Amino acid sequence: MYKYDQWDQAMVDARVAEFRDQCQRRIEGKLTEDQFKPLRLMNGLYLQLHAYMLRVAIPYGTLSGAQMRALGDIADKFDRKYGHFTTRQNIQYNWIKLEDAGDILAALAKVEMHAIQTSGNCIRNISSDHFAGAAADEVVDPRPYAELLRQWSSFHPEFSYLPRKFKFAVIASETDRAAMRLHDIGINIVRNDAGELGAAFYVGGGMGRTPMIAPLINGFVPLDRLITYAEACLRVYNRYGRRDNKYKARIKILVHELGAEEYTRQVEEEFALLLAQNIEPPFAELERIRTYFEDPAFAADAPDELDRSDPDFAVWSDRNTHPHKAPGYVSAVISLKPVGGIPGDATADQMRLMADLAGEYSFDECRVTHTQNIVLPHVRKADLFALWQKLEAAGLGTPNLDQVGDIIACPGLDYCSLANARSIPIAQQISQRFAANGKGEILGELKLKISGCINACGHHHAGHIGILGVDKKGVENYQLSLGGSEAEDTSLGKITGRGFDEAGIVDAVETSVDVYLAQRQNGERFLDTYRRIGMEPFKEALYG
Amino acid sequence: MKILTGNDLKTGAVTWWDGSGWSLYVDDAVDVGDGGDAIIAREESARRINAPYEIEAEKTQSGVRPAHIKDRIRGLGPTVRPDLTLKPGDPNAVREVI
Amino acid sequence: MVDLAQTILRFRDDTPVSDPAVTVEAFTGQSNALAVRIEPGEDARSLLPNLERIRLVEVNFPAFGDGRGYSAARVLREAGYTGELRAVGDVLVDQIGHMRRCGFDAFQPDQPLDAGDVEIALSRWPEVYQATTDGRVPIWNLRHG
């Protein structure tokens with residue numbers, strides 16, 4: 001894992017001091033709310049439905065045990081003993097006091113964490129593959145490149161007042177576990193025919209009001225030009241992205257309106273100019289960062305067999321583990337989606353337990369997934385049963401990874417001031433419905449995603465089944481969409497037709513699932529069946 | 001009726017204008033008639049309230065009911081965590097705001 | 001009459017240009033102007049052919065949240081402009097640190113800045129990550145001597 005040196009620490013400490021001062025000036029009235037708002041947002045502090053909310057950055061979703069423990073302690077001391085893991089691999093606290101914000105940032109800084117640029121019209125926390133450094137199928141660990149981008153984007157003097165927020169994802173495998181092409185910039189670290197590593201840049205993807213899949217604009221940027229190329233992409237956007245309409249201000253609109261070809265031409269022109277400016281970090285810096293992501297000391301003789309005699313354990317290990325590059329190891333996923341629970345929420349005690357388990361079983365490392373679960377990336381198969389027993393005892397052993405109960409849900413109208421409808425109760429009812437009727441057990445992979453407004457924090461466009469909450473004359477209403485995917489076969493869901501009320505949407509999901517069960521062939525997933533048979537049979541069943 | 005709401009600057013708590021100050025309880029909210037803008041300007045500049053706004057509400061037998069579900073949820077707390085709402089012991093509280 | 005020296009915060013030793021800044025459009029049409037003002041939507045690169053005769057570029061920030069002026073400033077400095085680069089308009093103390101890094105060396109804010117706050121803001125960051133034209137050595141380079 002990356003560790004701060006004195007410079008990284010000094011930067012974060014300076015930010016704590018700066019934000020303390022800004023909060024104080026706000027409380028004293030030297031800053032108006034209009035002036036303070038972008039400053040607090042750039043430190044992750046929102047004013048939400050019930051209180052201030054603090055979003056803490058978890059760069060590329062990687063946490064040490066000590067960091068996870070600190071998150072639990074903060075939940076205890078400054079919030080109401082829980083936190084919410086988000087689709088940006090971050091954590092949010094829902095009940096924060098402005099007067100405590102400086103102390104919380106100071107507590108975070110002690111464990112090399114921060115809330116820098118977790119909101120605002122700037123470059124946000126950089127997300128990545130939650131199995132990075134562990135997955136059997138990766139070209140290379142993508143996190144060193146994400147870390148380099150993190151440093152570059154932190155307090156960037158030119159790009160702190162962009163037209164709109166800006167999100168990067170960095171992956172390094174064919175399989176996309178980070179919704180890479182649904183980001184403002186998605187980077188895939190690839191190897192060319194000569195065996196050299198480079199960065200494929202996909203620019204202009206995103207969800208929200210106008211969902212778009214990012215086109216490839218450069219298939220191979222050499223790694224010693226990565227930062228310069230990113231700077232060129234951002235500069236073109238900062239200069240020419242729309243600022244007249246907040247809903248058209250994301251880079252996807254610029255790329256769409258210019259056309260990918262013309263945007264690329266402008267980027268290449270800017271890139272040529274910037275190359276002469278020598279802004280690229282020394283290559284030795286990338287090499288230095290890489291040393292922090294070297295493999296932990298995997299046991300060479302770790303047994304590869306698994307004792308599957310306990311049937312419940314066998315189900316959990318089939319569903320909630322992922323193949324590891326080291327023999328005798330797996331990555332284990334801790335579901336934060338108990339049946340009827342709040343997706344992504346974890347109590348302070350659960351966070352501390354996960355921290356302990358990371359220390360005991362996973363080289364003191366854990367990950368947050370964009371699907372709002374927690375990964376222990378490096379678990380010996382021989383330890384898996386013991387781990388599962390401890391998870392079960394703490395209510396963290398739900399065997400539903402990528403199943404219908406593993407629902408992404410944004411906080412929705414229960415917490416969020418932007419929301420039009422509640423998301424969480426819908427998720428709760430769906431997971432309860434499919435647990436009670438037994439269908440959840442026979443569905444296989446089914447990614448269900450719920451957003452409480454058009455901003456799509458719940459990734460509904462990318463759900464095999466997506467649900468969008470809307471406000472219909474003051475009453476919550478839900479639109480159903482089918483056929484989205486955030487994986488390497490990226491696609492955007494299509495709306496089935498008129499919306500449903502709260503009870504109706506749960507029924508509509510079950511109706512859609514019944515169509516799939518009746519029509520599926522040869523082990524098809526819901527998504528495969530939908531793609532084969534199209535929307536009509538679903539529409540027919542839903543609306544008659 | 002027209003009522004005023006916002007958040008406490010320092011704590012972020014949701015508050016409601018009760019005629020002389022800001023209450024945590026929506027049922028304390030009073031009708032401000034046409035006087036909302038003046039109260040907002042005065043209270044905001046004194047930093048007794050943050051991000052205040054005026055909403056429609058109606059007086060019912062059980063108290064003050066904001067017209068929009070968003071403000072009703074603000075007045076209670078998250079419907080998915082009744083234990084964290086202002087009425088943790090009331091089994092009907094959540095149903096009444098939806 | 002407003003005393004310019006009172007309202008402009010300057011980090012240069014030379015004498016300020018007293019000419020009023022003309023618009024970019026007017027500037028390209030006349031040969032004598034020494035001072036030009038860039039509005040957010042205008043292309044700073046259109047000034048490059050005449051860079052050597054410009055002594056003052058004002059970059060207007062009608063609203064502090066519109067960040068195009070930061071790019072305008074860097075574009076000019078990267079092209080070798082050494083004259084005064086002045087941020088005018090809705091210029092607030094919490095933004096001037098970044099503005100300095102982008103090459104601004106003068107500020108003419110609509111509302112006067114508190115001198116103490118300015119000093120704190122400009123001395124806030126012990127080091128920087130990124131390379132710009134301001135001459136500060138990025139942390140990346142410090143690490144590798």
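In this predicted model, buried residues account for 59% of the 544 residues of chain A. The chain folds into 16 helices and 20 strands. Its radius of gyration is 23 Å, close to the 24 Å that the globule rule gives for 544 residues, so chain A is as compact as a globular protein of that length. Along the principal axes, the C-alpha atoms of chain A fill a box of roughly 60 × 60 × 55 Å. Of the contacts in chain A between residues at least 6 apart in sequence, 68% link residues at least 24 apart.

Strand β3 of chain A (residues 62–64) pairs with β14(A) in the antiparallel sense over three bridges, and Glu365(A) is the bridge partner of Ser64(A). Strand β15 of chain A (residues 374–380) also pairs with β14(A) in the antiparallel sense, over two bridges, with Val375(A) as the bridge partner of Arg367(A). β14(A) and β15(A) form a hairpin with five residues between them, and in the turn Gln372(A) has a positive phi of about 70°.

Turning to the partner chain, 33 residues of chain A are in contact with 29 residues of chain C. On the chain C side, α3 (68–78), α4 (96–102) and α6 (139–143) each supply at least two residues. The residues of chain C that touch chain A comprise 12 nonpolar, eight polar and nine charged.

Technical notes. Residues numbered from 1 in each chain as written. Chains lettered and ligands numbered in written order. Predicted model: local features only at pLDDT ≥ 70, side-chain atom pairs only at ≥ 80, totals over all residues. Helix = DSSP H or I, 4+ residues; strand = E, 2+ residues; numbered from the N terminus. Rg over C-alpha atoms; globule rule 2.2 N^0.38 Å. Buried ≥ 20, exposed ≤ 12 C-beta atoms within 10 Å, placed from the backbone. Contact = placed C-beta atoms within 7 Å. Nonpolar A, V, L, I, M, F, W, Y, C, P; charged D, E, K, R; others polar. Pairing = 2+ DSSP bridges.
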